[in-house]
Amino acid sequence: MAQTVNKDMLIGEIISIDPGNAMILMQSGMHCVGCPSSQMESLEEAAQVHGMDVDQLITDLNAYLAEKEA
């Protein structure tokens, strides 16, 4: 069963689940995923800072992870 992402997870955790998650975040407009401080931000906090829809990010990240498991 694929691990899923939620809004309370830290960016660092999300990337450690699968490094491909970084590309999804960057393609969505979150270009600072490599910044050391972003590693300690929750997905929800980072989405707020970037004016992004956290629910859409969660959907995209979880779809990517589920597809890898298929």
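Trainee: What should I know about the source?

Mentor: The model is predicted, with local features needing pLDDT of at least 70 and side-chain atom pairs counting only at pLDDT 80 or more, while totals for chains, interfaces and linings use all residues. Residues are numbered from 1 along each chain as its sequence is written, and side-chain values use heavy atoms, leaving out hydrogens and water.

Trainee: At what angle do α2 and α4 pack?

Mentor: Two packed helices are described by the angle between their axes and the distance between the axes. Here α2 (residues 20-27) and α4 (residues 54-69) pack at about 145°, with axes 10 Å apart. Helices are DSSP runs (H or I, at least four residues); axes are lines fitted to C-alpha atoms over the stretch in contact, and angles run from 0 to 180 degrees between N-to-C directions.

Trainee: Which residues meet there?

Mentor: G20, N21, I24 and L25 in α2 meet L57, D60, L61, Y64 and L65 in α4, where contact means heavy atoms within 4.5 Å.

Trainee: Which residues of α3 are buried?

Mentor: In α3 (residues 43-50) they are L43, A46 and A47, buried meaning under 20% relative accessible area and exposed over 50%, with a 1.4 Å probe and protein chains only. Down the axis of α3 they fall within an arc of 100° (directions from the axis to the C-beta atoms), so they line one face of the helix. Q48 and V49, on the other side, are exposed.

Trainee: What do the buried residues of α3 pack against?

Mentor: They pack against α1 (11-17), α2 and α4. Just after α3, G51 has a positive phi of about 65°.

Notes. Helices (H or I, at least four residues) and strands (E, at least two) are DSSP runs, numbered from the N terminus.
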